[in-house]
Every structure is written in structure tokens, then in C-alpha cells.
Amino acid sequence: MWNQALAITRINLRSIPQRWGSAIVIVVGLAGVVAVFCALLAMTEGVRATLRATGQPDNVIVLRAGSSAELNSGLSREDVTLIRGAPGLKRDAAGRPLASGEIIVVTELLKRGETSGGANVSLRGVDPQTAFALRPHLKMVAGRRFTPGLRELIVGRALSRQFQGATPGETLRTRGSVWTIVGVFESGDAHDSELWADIDVAQSTFGRTGFSSVLTELDGTRGARHEFEDHLTSDPRLNVDVQSESDYFDSQTRTFRATIGVVAGVVTFIMGLGAIFAALNTMYAAVASRAREIATLRAIGFAGGPVLISVMVESLVLAFAGGAIGVLIAYLLFNGLTISTLSDNFTQLVFSFRMTPRLVARGLLIAIVVGMIGGFLPALRAARLPITTALRAT
Amino acid sequence: MTRVGFVLANLFRRKTRGTLTLLSVVSAFLLFGLLQAVHVLFNAGVDFVGAARIVTQARVSFTSSLPLRLLPEIAAIPGVSQVMHETWFGGVWQTNTPLTTFATVPEQLHAVYPEWVMPEAQWRAFAATRTGIIVGRQVAAQFGWKVGQKIPLASNIYPRRDGSKAWAFDLVGIFDGKDDNWQRQTTQEFINYGYFDEENQFGRGNVNIYVEKLSPSADPAAVARTIDARFENSADETKTQTERAFNVGFVKQIGDIGLIVRWILSAVFFTLLLVVGNTMAQSVRERIPELAVLKTLGFTDASVLGFVIAEAAAFCLIGGLIGLGLATGVGALVERKLGGFLPIQVDVGVWATGIAAMLAMSLAVGILPALRAKRLNIVDALAGR
């Protein structure tokens, strides 16, 4: 039986070039479905990758209890002092805890190519003593760090590429004051979409006395997180939540990712249905045009099973080819494409589309499933062709 | 047999093929209808704000606050007839349902937004009840809220003075929109600024944005420039734009939804072009002798061309109308289930675009097979050459 199946399948596949017209319908149909599916999910993968990269393993972020984002959070100077005094924190050479009290101020910048409007971006005021030590992966790629005490800004690389007026040497006017951009940094994570300034200067410029969050690093001993968290929650003067830095950033675009997930699901389902109809059409036509050939094979002793398998294989091969083309299109057109969306912090998060191996596998799986469904009924018809009438077919 | 009957009969002479082709068209237009509706939804807050209103925000961004003391200064600027202010409350219903809640002054809201329709008694109750809240029809329907009910809301921004985040409001009114477009926006809630400002833990006398209603003769751009010039180089620099531009900017921040929709739809229609085009080509190829007979009987080249195009159009129109019909149904279902959160409506505009797409599609898939049928040479075709 397997020899028979192999023989018929080989004949079928070799004859595809003679009927490109209809075969191409399956290929293109699936290329479309898989390309759209992969492109949409490459967006969520990109966002996820950007945010997952944010956060050192031992870093924790402290926000006011119940705040979902730094923008909504507020901590007073006393709160920050209490947090810095908690046990379990890593200390620098001078014995000071590695903790950076930070604020987020939202400011507007024009995207490249825009002349009006403007999109929200985060301006983060950081403690120059500790903020860089807490994020050792952050590197300056142009210019220098800001000088504490001066109205100087450094900008994330992604932000610098996507927005106007965010390259070294340029100035930024906010709230009646002028900032000079002195450097560009790269961190490969969510901070790449931010502007950074000295916390003291940011507080005085924007008329703030408090902080949005405290980022700190645990000393790495077992139970340090527990000790730190217990200390903060048992202090009646504090009302705060402790999260790991990576969990916090991961939660920042959950809504966006869920929405895109639903859209991708619905769109893929409907397009997939359409592709199944098209595949059925093509395979029925293929079976009909070969009716006499199939009947001849049956007459000289080939069984129905191998005929069925051969039609299924043909449908699968075409569908798989379509899926592969779709993946390739999505990869060539979208992989690495950089866009931005709104995070829960109400500011732009710049990210790039990312085609992951998992995504490629899922795209190809869709192609195979559609190919199976689209091939099965025509295959069944082929296997059941009444030999005598089919032999007389013109 | 009439010509229409002839076309329809040919459509299903191969039942499986006809049906499958039709189903592909149906699924394509189902998707078209839904995506187009989503696209319209995101632009909805944008297109219908016809009233002459402008919005003033802090120049830094609308998340920064402006002091309340700007109000009389803005009100005094020529061309401004009414001013209101709004502050984003960050309302959260139960554990995790974010609501669009603003703190504002009832009388100002009533004067600046005549589009919100509510009985006068309820407007008066809103003004008189410090802990009052009014909610849009869609929100009320979604959660089954009734006037007189106590509404517990959390704020993810503002704790109360005692440090708790649990606020509670008395539902004193439910507002409607003056027309369908405005009704679709009744997903908001308004609370009393006086109570909010006194009860929240942070700074007093700050607001997020001012909305100015202009007198009919005023030029919005000129008034906006005057307002911004008034506060230039102060600690509270402003950025004023039309309400429409403000809304466009807001939607655009989420991402270019129009672009994504266009990408998907072009992939869908390119595929569809091939599917239907292939079916038409096959069907004409198989019927060459028949078409030759038609011509022999005296049908002109032009009418044979017409038959083939009509067949293509029948596929696209029948499938397309069914698809859009389904999309309308699905949209209505989603709207009923999810209420205000995804009020997609496959409306007249979507249908009009859809029908235009169907006609363009008919021509695109029909033209090549039709030309082939038109150019048939009777003798060759009958001889099967």
C-alpha cells in the first residue's frame, strides 16, 4: 500500500506544474493567511521581547499600593528614605543602598515626519548615583551622560530614531524651561523609549516634590525579597507594593497584547475559512481533471487508500509551500520594523516586530491544518470514484 | 430564459465549485465588514465633533495638570463663550474594569456639551449632589445601573484623604447622545469636581484640560493661538487645538490602526482576486463550445462579454452582500455582549465602501475571462481547437 501511495503521489506532484493556475490558489491563499497571522503576532512578540528584557533578576520596583503604572504612583521623600533604609538591599562600596528614587513626567514630542500633534513620551528623572549601576546593560552610544544639577537630557536610542528633536545638541522646551540633549543610550528594553534627566533637576523643573517609584537591587541572599517586602508592608507609615522589575514592565502592555491576540485570532479564523474553501475548490478541480487517470490506476489494481493519501499529500504540499511563503513574506516585510504604541503608562513604547521560531511554527501549523481539511473531502471523492463511469469521462 | 436567469444558472452549473467560490467571497467580505467597522470606531470620536470647541492642555502633555486659576483668564479671551474643565479620575469598577471617568463642573458640562441629553431635573440633581455621578447610557446598560444607586468606584490615581482608594458616588442621572454617533460615545461617566478636589489626597485646584466653546463667529485657530500666547513663558504653558485634532492625536497614539486594517484587507482581497479569478477562468475554459454556440445563435461579442462579467459580478455581489450581512449581525452581537467597550457597527458607510469594493472586484476578476470569451472564433471553438 505504501509503495502504491508513493507512486501515485509522485505522479501527482510532478503534474502540478501543468496546472499552476489552480494550484496557485492554495499557495497564495495560505501565504495570505499565514503572512497576516505572523505579522500581527510578530507585533505582540516584539512588545513582549522589549518588556521582558527590562529588569535585572534581583531588581525590584516599589510603587504606591494599587498603582498599576509609575505614572499613577506617588511616593513622598519620607517614603523613599524609609524604603532605602529597609533590609535586604545591595550596597555600593561606600555602604549606601543601591536604590534610585525616580519620577516619570509625560512630555510630548513630534514623531518624525509630523508637523503637528505630538505623542506622549516618558521623561524619567533618575538618581545619577545609582540608576546606572542598577541597569548595568545600559550603554551610552553617543555623547555623554547628563551632568547632575544641569538641565541636560539623555535619550533612548529607539526614541531618538522615531521622534524629532531627540538627537544630541538639540534642545527641548518644557514648561518654560530649556533642556539640552547631551547623549544617546541603548539598553535594548523599555528604557530605550525614554528621556532621562537628573531627578533633582526634573523635580524642580516640573514643580514636583515627590517620586513615582523606587528601583532597587536586592542583595541576592535567599529570602532577601521576603525580608524587604515584609519590612515595607509591616511599616504603618508606608502603603506600597513591591514587584520585580521584569513583572512590572511585563504588565505594562497587557491590554495591547490581549487586543492584538484577539484580532489575530478572529482574522486568522475567518481568513482560514476562506482558504479552506479555496483549497477545497482547487483539490476538487484537481481530482475532476484527473478522474480518468485515477480510474485507470484503480482498474489496474491500485487500491482506494493510496489514491486518498496521494490527494491529501498534494494538498498538504501546496498548503505547506503557501505557509512557507507567507512566513517568508512576513519576515521580509515586517521583521525588525519599528513602530510604537501606547503603554499603560500612557506614553509611547517603541518596539520592533519580531518573528520568533515559535511564531514560524504556529504559522506553518495553520497551513498544514488548512491543507488537511481542504484536501480530505476531495481525497475521499477521488478514492470512491466509480471506476466504470470515470473511465468514460472526457 | 431571461438573461439574469441564464447568468444565475451558469453560476451553479458546477454546484460544489459555485458554492465554494461563493463561500470564499462571503468570508472575505465578513472580514472586510468587521475590520472596516473597527476602523470607523477608532475614527468615530473624530469625525462627528462638528461643534466649535477647542481643547487646552498643558504644553508638556495632557497628563500634566493646569491650575484652576486659568479659568477666568481663558473665559475672558475674545471668542470664548463658555469654558469647562475636565480631570481624568482613573476610575476602576470592581477589581479591574477601567472606566472613562472625568471630574468636572455640572453646569459647565451642560453648557459646553449640549450633545449630552438628560432630563433637566437630573442635571439639577447632578449640580446639587456633591457625591453625584452621571453615566452614559451604554455604561448604565452594561452594568445594569439605575438612578438612585450607590456606585462604588476605585481610582487608580487618587487616594482619598484618609488614604483609602475606595470612592463611592450616588448615581443621579443617565445621559444619552443627541444622535447615533454621540450615543456611541456614551461610555463615559462624570463626577463633581468640587467633591473630587476636596476629597482627594493630592494638590488642590488642578485640572487636566480646559474645553472652550466658541462663539459662532470666532475663528478656532485664532482663539487657540491667543490662548497659548496668553500663557507663553509662564510656568503653565498651554497647547490648544480643536477638539477634533485633540481626539485624532489621542487615537493616533495607540498606533496606526488604519494602516494595519489596510494591510490585512489588501492581503485578503489579493487572495480573493485569485480564487474568484481562477474559478471564472476555469468556468469559461470549460464552456468554450457553449459560448461559441451562443455566438452562432446571434449573440454579439459584446453580450457574450457581458454574460461573463455579469457572472463574476454575481459571485462578488451575492457573496459580498451575504458577507456584509453576516458582519452586521456579528457586529450587533458583539455590541450587545460587550456593550460600550467595543461598539462596532457595520453601518451605511461600511456598506457603501463594501459595495464599491464588490463592483471593483467584479471587474477585476471578470475582465480577462470575459475578453477571452469575446474574442472567441466560432469555427475554432466549435471544432475544439
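**Exercise 1. State which residues Leu172(A) touches, leaving out those up to four places away in sequence, and whether Leu172(A) is buried or exposed.**

Leu172(A) touches Leu109(A), Leu153(A), Ser177(A), Val178(A), Trp179(A) and Leu195(A), not counting residues up to four places away in sequence; contact means heavy atoms within 4.5 Å. The model is predicted: local features need pLDDT of at least 70, side-chain atom pairs count only at pLDDT 80 or more, and totals for chains, interfaces and linings use all residues. Residues are numbered from 1 along each chain as its sequence is written, chains are lettered from A and ligands numbered from 1 in the order in which they are written, and side-chain values use heavy atoms, with hydrogens and water left out.

Next, the accessibility. Leu172(A) counts as buried because its relative accessibility is 9% (buried is under 20% relative accessible area, exposed over 50%, partly exposed in between, with a 1.4 Å probe and protein chains only).

Last, the location. Leu172(A) is found in strand β6 of chain A, residues 171–174 (helices, H or I of at least four residues, and strands, E of at least two, are DSSP runs numbered from the N terminus).

**Exercise 2. Describe how α11(B) and α14(B) pack.**

Start with the geometry. Helix α11 (residues 257–286) and helix α14 (residues 348–374) of chain B pack at about 25°, and their axes are 9 Å apart. Axes are lines fitted to C-alpha atoms, for helices over the stretch in contact, and angles run from 0 to 180 degrees between N-to-C directions.

Then classify the angle. It makes α11(B) roughly parallel to α14(B) (under 35 degrees; over 145 is roughly antiparallel, 65 to 115 roughly perpendicular and the rest oblique).

Then list the contact. Among the residues that make it are Phe269(B), Leu272(B) and Val276(B) of α11(B), and Met361(B), Ala364(B) and Val365(B) of α14(B).

**Exercise 3. Locate Gly320(B) and relate it to Phe29(B) and the largest nonpolar core.**

Gly320(B) lies in helix α13 of chain B, residues 301–338. With a relative accessible area of 0%, Gly320(B) is buried.

Not counting residues up to four places away in sequence, Gly320(B) touches Val25(B), Phe29(B), Phe315(B) and Met358(B).

Phe29(B) and Leu272(B) have the most contacts inside the largest nonpolar core, which has 116 residues. Such a core is a set of buried Ala, Val, Leu, Ile, Met, Phe, Trp, Tyr and Cys residues joined through side-chain atoms within 4.5 Å. Helix α2 of chain A, residues 20–52, gives the most to this core, with 16 residues.
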